[in-house]
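Please look over the sequence and the coordinates before reading on.

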Amino acid sequence: MDRKHALVIGGSIAGMVSAQILAKYFEVVTIIEKDDIKSSDVRNGTPQANHIHTLLVKGKQILSEIFPELEKDMMKSGALGLDYILNGQYFVDGYWTPRFASGLDSYFSSRTLLESTIRIQVEKNAKIQFMNGLVTSLVTDNNKHVSVKIKSGKDFSSEQILHGNIIVDASGRNSKTPEWLQDIGYAKPEETHVDSNIGYATRCYKIPKEYQDVKEFIVILNHPPYQPKMGGILPIEGKRWKVTMYSIGQDLPTTDEKEFLEFARTLADQKVYNMIKNAEPESEIHGYRVKGSRVIHYERVKTWPENYIVIGDAVCTFNPFYGQGMTVSVLGCKLLDEFLNKNLSSRENLTLEFQKELYKKNSYPWLLATGEDFRWPTTKGQRPNALARMTQAYADSILYLSPHSKFAAKSFQEMMQMTRSPLVLFHPKLMVQLLARKIKPKI
Ligand SMILES: Cc1cc2nc3c(=O)[nH]c(=O)nc-3n(C[C@H](O)[C@H](O)[C@H](O)COP(=O)(O)OP(=O)(O)OC[C@H]3O[C@@H](n4cnc5c(N)ncnc54)[C@H](O)[C@@H]3O)c2cc1C
């Protein structure tokens, strides 16, 4: 493969991180982004940025490897360094979880700040350039390599075709790759959907004076299968709280002011309500509806362009509640690095092989998200197998143990933060504690 020019469709988290990786292997990398990336507001292309975004510890660790100055720059811009256990208050099954220093820390900020700080790192890389343009289709002359058709310039009125030795689609959950490929003669890839019907409503507040020195975030968890409502407060840069109401399957939160507060009041605990009821709002209430989780099975296709890769949300999206999306996107970029490092010089048809590897990498977070979704009777789609259901039920029982055991709280967080495999939950000490408290996995 020639290594002259790599193209990336989409200049968000997966796009920018994969561009940084590609710059190790290609002379020039062009990121094509339809929005004005310099905008300090939430962009049209990433409406999810209005809502709480937490970066898992694993995601933070990988981002620090790829961008050594990112953490320092985030903190300089007002992000808060918080420990997921010491600074996190979780209301689980009627109890608050214990708090202690766990070393499971990350930086907390708006998603917009994280994205713009990653962009600052990427702009330092002389091999990477940004282009403002909308990719509208793929073109091919021999069915092995594709190029992109782009609308750019004023009002996107001019059209051009760009060829890349490799092209990465990182255009997010509304990626048009399946349609674009069909238009040039490829078969439509299969998809798996788990529809759990999720609603978010989020508002920013000024942190009231009495809370300004309190370094904590709060999550009031829901309880399957009968209490779907959840809510949380996250401190972010600019002395603001991001406050999110969330529900799954039914009772979805709305953007109506009274209903927002009423939703908070009727969570399993009223702490969030009491904190916000007199606080000063800094934004309108933003809503978001997510159908659920979706994976596009590029790994199953028979024919595939030799220079095309799909990454991030464009391949696999999750119920956002578990906070996995950005970390899984970044893990996919790390995989791309390892994959190109190993195969770029020695192999020709490597893009489909990459999609197969990526599918394997994504399957654990997929099981985690969809397994939990099926705890709700309203969820529709292909159910996980019996083993996965049992593992999920067991993980839930460790969650319900966590208010009563520091060891359980830490083990559960290590799994959620992707710093350790789910095997961490099968420690004999946890099994003994479960028996002692008579907590039984509910399958
Ligand atoms: C409500 C909600 C809450 C979430 N909370 C969390 C959380 O707490 N933690 C977490 O890790 N994840 C969370 N996520 C998931 C997270 O937002 C995504 O996983 C992550 O942003 C994926 O990044 P991406 O780069 O793949 O796609 P995106 O961030 O969606 O970016 C796609 C980019 O492509 C551009 N684009 C699209 N089409 C074109 C085109 N044709 N031409 C040019 N450019 C194009 C868009 O403008 C956009 O910039 C949440 C998601 C939602 C919906």
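**Ligand site**

The model is a predicted one. The ligand is surrounded by 35 residues, and the closest of these are S12, E33, H53, R111 and M326. By class, the shell around the ligand holds 12 nonpolar, 17 polar and 6 charged residues. At least two shell residues come from each of α1 (13-22), β2 (28-33), β7 (128-140) and α8 (325-343). With 4 residues, α8 contributes the largest share of the shell.

| Residue | Protein atom | Ligand atom | Distance |
|---|---|---|---|
| Q48 | polar side-chain atom | oxygen | 3.2 Å |
| I52 | backbone N or O | nitrogen | 3.3 Å |
| T54 | backbone N or O | oxygen | 2.8 Å |

On its own the ligand has 1000 Å² of accessible area, of which the protein covers 96%.

**Nonpolar cores**

In soluble globular proteins, nonpolar side chains tend to be buried together. Here the largest nonpolar core has 121 residues. V17, L22, L63, I118, V148, Y308 and I311 have the most contacts inside this core. The largest share of the core, 9 residues, is supplied by α8. For I118, the contacts beyond four places in sequence are I13, M16, V17, L63, F67 and L70. There is also a second, separate core of 20 residues, with I218, I233, V243 and M275 among them.

**Two loop residues**

D93 sits in the loop between β4 (88-92) and β5 (95-96). Is D93 buried, partly exposed or exposed? Its relative accessibility is 35%, so D93 counts as partly exposed; the partly exposed range lies between the limits of under 20% for buried and over 50% for exposed. The side chains of D93 and H223 are joined by a polar contact of 2.9 Å. D93 and L221 are separated by 128 residues in sequence, while their C-alpha atoms are 7.8 Å apart.

P225 is placed in the loop between β12 (217-220) and β13 (230-236). Its relative accessible area is 44%, and P225 is therefore partly exposed. Setting aside residues up to four places away in sequence, P225 touches R375, W376 and P377. From P225 to V135, 90 residues apart along the chain, the C-alpha separation is 42 Å.

Why is α1 described as largely enclosed by the rest of the structure? The reason is that 10 of the 10 residues of α1 are buried. The buried residues of α1 include I13, M16 and V17, which are also among the contacts of I118. As noted, α1 supplies at least two residues of the ligand shell.

Helix α11 (residues 406-416) is mostly covered, with 8 of its 11 residues buried. These buried residues are A408, A409, S411, F412, Q413, E414, M415 and M416. They pack against β4, α9 (351-373), α10 (386-401) and α12 (428-436). At the start of α11, the backbone nitrogen of F407 has a side-chain oxygen of S405 within 3.3 Å. Just after α11, the phi of M418 is positive, at about 65°.

How values were computed: Residues numbered from 1 in each chain as written. Predicted model: local features only at pLDDT ≥ 70, side-chain atom pairs only at ≥ 80, totals over all residues. Heavy atoms only, no water. Near = heavy atom within 4 Å. Polar contact = N/O pair within 3.5 Å; in protein donor to acceptor, adjacent residues only side chain to side chain. Areas by Shrake-Rupley, 256 points an atom, 1.4 Å probe, with all protein chains shown as cover. Nonpolar A, V, L, I, M, F, W, Y, C, P; charged D, E, K, R; others polar. Core = buried A, V, L, I, M, F, W, Y, C linked by side-chain atoms within 4.5 Å. Buried < 20%, exposed > 50% of the residue type's maximum accessible area, 1.4 Å probe, protein only. Contact = heavy atoms within 4.5 Å.
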